[in-house]
Amino acid sequence: MVESSTLEKMQPDSMLLHPIDTGAAPGQQEQLCIFGTGDLGRSLGQRLLQSGYRVVYGSRRPHSCGPLPQGAQVMSHAAAVQSAGLIFICVHREHYEFLETMAPLLKGKVLVDLSNNLKKGMYPEANATYLQRLVPGAAVVKGLNTLSAWALQNGLLAGKQVYLCGNSAEAKQAVAETATKLGLTVLDRGSLSAARELEDFPLQLFPEWRLPLRVAIGLTAFFFFYLLIRDVIYAYVEQRKDISFRIVVSLANKVFPIVSLIMLSLCYLPGVIAAFLQLYRGTKYRDFPDWLDRWMLCRKQMGLVALGFSFLHVIYTFIIPIRYAVRYKLISRVVDEMKNNKTTPFYFDNTEAWGTDVFYVLGVLGFFLYVLLGLTSLPSVGGSLSWREFSFIQSKLGHLTLSICTAHGYVYGWNKFLRSATYKWYTPPGYMLCLVVPSVVLVLKVLLLLPCVDHTLTRIRQGWERTQSKEEMGEIKATNL
């Protein structure tokens, strides 16, 4: 992949196109054509008008095609073709046949195919390849098909990546220049043979969320069955008590904070691993392993999944006092005391009071910072922050959030770690297991903050490289080759 500004000629005999500014006099706005007056066509036309272009629509029914963006013209397909050199095809593949009848008029034009299919493998060939076969005299470019009408209408295009492919370097250059004016980042995927790959991109369902969701589902399933055995099955086997009613609320409310804390720590673990890897290599110019790259790219999604589990934990905690089992237990104790005319002696434990208050305060502060991190992950919020502000919130406050939430877990079990009753069937409770990963992350982060280590790491990230032996240099050269 290369940037569109450095596109090279794909074919030595690629055709010379008619000027893209056909119909525009010197000093006049460039005119572009759009076939299709649906949601996508209207949204694209509106964005092009806002970017300084003149837009003309080609329609089968130019007098009854519905509302169009103010300032755009509409006419028949044949008339619209003659007014522009670059044409956006915003119609479904099923309606491409009319383009074959217009092949003589489309000769030398640039056709941008924005179509997508409902599922993979619907047709034996890509839509763009089919379009090129119908209109062999035109230069077909596949691209911009990952944009939605909603994103175009709301202007959420700044920095968004789009892909182009086509057999004509000049045609791709013309489309790339237009896309750049819309605020898009263009990546060239080569010849038109890559059109099938581009058309499959929009059909992927949450590709960046797959790994975080798989991890979350795996952790949830593991701890659910682990706690089910320790709490419910253990009570039934050893104490002959049926407490299966706790599965829905009590058991779930133990699983949610465990998964949330582990997922939050997994957001910062790859950064720590990457730092130690750079220290070991003595340079920042060597690529990370693929698995680490994929892990680091989905940290935002992992954090949002962790935030979702923390929300569930908060909601479940609020409904615990109104559960039937809790109310029944309190009422039974009061009735029993009234019948037997006795009072249960109660001694105020100052240590227990401190532990409870600290536990709740840490939970409230941790959740507040959790929400703050989630809000800054939103594009509308993160885009308004400078790089230093965003880095401070996501890194400094992120590790502070992890520290507070980990302390929240330690305070919860501070007086239970050494009790033999805590280890049912010789297994540790779930909250002990969930503290392992965040504790490791925090310890490694503290090591990186040591002055001697931090100074070296900072120099490496600024471009300094440790002197390497000839053997290492040879290995790097061989790898680069």
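Visitor: How do helix H10 and helix H16 pack, and at what angle?

Guide: Two packed helices are described by the angle between their axes and by the distance between those axes. In this predicted model, helix H10 (residues 250-281) and helix H16 (residues 387-412) pack at an angle of about 145°, and their axes lie 10 Å apart. The crossing of H10 and H16 is left-handed.

Visitor: Which residues make the contact?

Guide: On the H10 side they are Leu261, Leu264, Ser265 and Tyr268, while H16 brings Gln394, Gly398, His399, Thr401, Leu402, Cys405 and Thr406.

Visitor: How would I read the pair H9 and H12?

Guide: Helix H9 (residues 210-239) packs with helix H12 (residues 299-319) at an angle of about 40°, their axes being 8 Å apart, which means that H9 is oblique to H12. The crossing of H9 and H12 is right-handed. Leu211, Pro212, Leu213, Val215, Ala216 and Thr220 of H9 meet Gln301, Met302, Val305 and Phe309 of H12, and the residues of this contact divide into 8 nonpolar, 2 polar and no charged.

Visitor: Is Thr376 buried or exposed?

Guide: Thr376, which is placed in helix H14 (residues 350-376), has a relative accessible area of 4% and is therefore buried, since buried means under 20%. The side chain of Thr376 reaches the backbone oxygen of Leu373 at 2.8 Å. Leaving aside residues up to four places away in sequence, Thr376 touches Val381, Gly382, Leu385, Phe390, Ile393 and Gln394.

Key
Residues numbered from 1 in each chain as written. Predicted model: local features only at pLDDT ≥ 70, side-chain atom pairs only at ≥ 80, totals over all residues. Heavy atoms only, no water. Axes fitted to C-alpha atoms, helices over the stretch in contact; angles between N-to-C directions. Helix = DSSP H or I, 4+ residues; strand = E, 2+ residues; numbered from the N terminus. Parallel < 35°, antiparallel > 145°, perpendicular 65-115°, else oblique. Left-handed = near helix turned anticlockwise from the far one by under 90°. Contact = heavy atoms within 4.5 Å. Nonpolar A, V, L, I, M, F, W, Y, C, P; charged D, E, K, R; others polar. Buried < 20%, exposed > 50% of the residue type's maximum accessible area, 1.4 Å probe, protein only. Polar contact = N/O pair within 3.5 Å; in protein donor to acceptor, adjacent residues only side chain to side chain.
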